[in-house]
Amino acid sequence: EMTKDDVTGTFIFDFKANVLNASKAAMQGSIQALMSTYVSEIAVQLGIIDGEGIYRLFREFGFAHGQDPDQYLKAPNPEAMKPRIFAEEAISTILANGVPDGSPAEPGGYFEHAQKLQAFVQDDNFGLLSEPQILVFRGYLEEVLERSAQQQALAQQAAAAGAFQQGQGGGQGPGAPTTTGPGPVQSQAPLGPGELSDESLPGAGGGGNG
């Protein structure tokens, strides 16, 4: 059996003690402060934090309290716990005969990640890839493009929902007049036989014609 006397040599430790890893209460308070700051309506609207980030933060909160958060929390998607990688890192992994496994670290998510990968195809360095590496790259790019399309579809749905809510908040109900261009409506549809112009519109007469 090995004892401490059997361990000899010079060792260098890069562990740095601080109040957060020395005090459980300090760690709990720190994560609580992060949650109250990061998980906010404005942060979500600006895209500063998303479901994956909130999920990871909630898990850290559970661990800080000595609990197993996986008993209560459900990942928003299978990639929630994957490491964030940039497209350049994915390309380096493929050049090293590996397969990228992570979620995009770019601010634009899968859309920006895909743009970088497509730009690499036009780069002279793309010729450095071997045939097997090209197959891996192609498969990875197809997956990223598919997720990018899903991301854009969700963004369009969110924008449409936001526009609808804004219209409801502005007092426009069903059948309310809308415009497709800037400025007020300056003309109305041609009148049919026996129809009167709306006196509230510009150019309408203020009194009846005898």
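**Group meeting: salt bridges, a pocket and a patch**

Okay, let's start with Arg 84, which counts as partly exposed, at 35% relative accessible area. Keep in mind that this is a predicted model. Arg 84 makes a salt bridge with Asp 50, and the closest N and O atoms there sit 3.8 Å apart. The arginine is in strand β1, residues 84-85, while Asp 50 is in the loop between α3 and α4, so this contact ties together parts 34 residues apart in sequence. Asp 50 is partly exposed as well, with a relative accessible area of 37%.

Let me zoom out for a second. The protein has seven helices and two strands, and along the sequence they run α-α-α-α-β-α-β-α-α. Of the 210 residues, 20% are buried.

Back to the charges. How many salt bridges does the count come to? Five. Another one of them pairs Asp 101 with Lys 82, with the closest N and O atoms 3.0 Å apart. That pair links distant parts of the chain, 19 residues apart: Asp 101 is in the loop between α5 and β2, and Lys 82 is in the loop between α4 and β1. Asp 101 comes out partly exposed at 48% relative accessibility, and Lys 82 is partly exposed too, at 26% relative accessible area.

Then there's Lys 116 with Glu 88, where the closest N and O atoms are 3.5 Å apart. Lys 116 is in helix α6 and Glu 88 in helix α5, so this pair ties together parts 28 residues apart in sequence. Salt bridges with shared partners also bring in Glu 106, giving one network of Glu 88, Glu 106 and Lys 116. In accessibility terms, Lys 116 is partly exposed at 27%, and Glu 88 is partly exposed at 43%.

Now, the pocket. The largest one holds about 1000 Å³ of space. Which residues lie nearest its centre? Gly 47, Ile 49, Asp 50, Gly 51 and Gln 151, out of 28 lining residues. By class, the lining has 11 nonpolar, 10 polar and seven charged residues. Helix α7 gives the largest share, six residues, and α3, α4, β2, α6 and α7 each supply at least two.

Last thing, the surface. Leu 34, Tyr 38, Val 39 and Phe 58 form a nonpolar patch there, with about 310 Å² of accessible area together. Phe 58 is in helix α4, residues 51-64, and it counts as partly exposed at 32% relative accessibility. That's all from me.

Methods
Residues numbered from 1 in each chain as written. Predicted model: local features only at pLDDT ≥ 70, side-chain atom pairs only at ≥ 80, totals over all residues. Heavy atoms only, no water. Patch = residues over 30% accessible without salt bridge, like charges linked within 9 Å, V, L, I, M, F, W, Y side chains within 5 Å. Areas by Shrake-Rupley, 256 points an atom, 1.4 Å probe, with all protein chains shown as cover. Salt bridge = Lys/Arg side-chain N within 4 Å of Asp/Glu carboxyl O. Helix = DSSP H or I, 4+ residues; strand = E, 2+ residues; numbered from the N terminus. Buried < 20%, exposed > 50% of the residue type's maximum accessible area, 1.4 Å probe, protein only. 1 Å grid on protein atoms, 1.4 Å probe; cavity = no way out; pocket = protein on both sides within 12 Å on 5 of 7 lines; lining within 4 Å. Points joined across faces, edges and corners; volume = space filled by probe spheres on them. Nonpolar A, V, L, I, M, F, W, Y, C, P; charged D, E, K, R; others polar.
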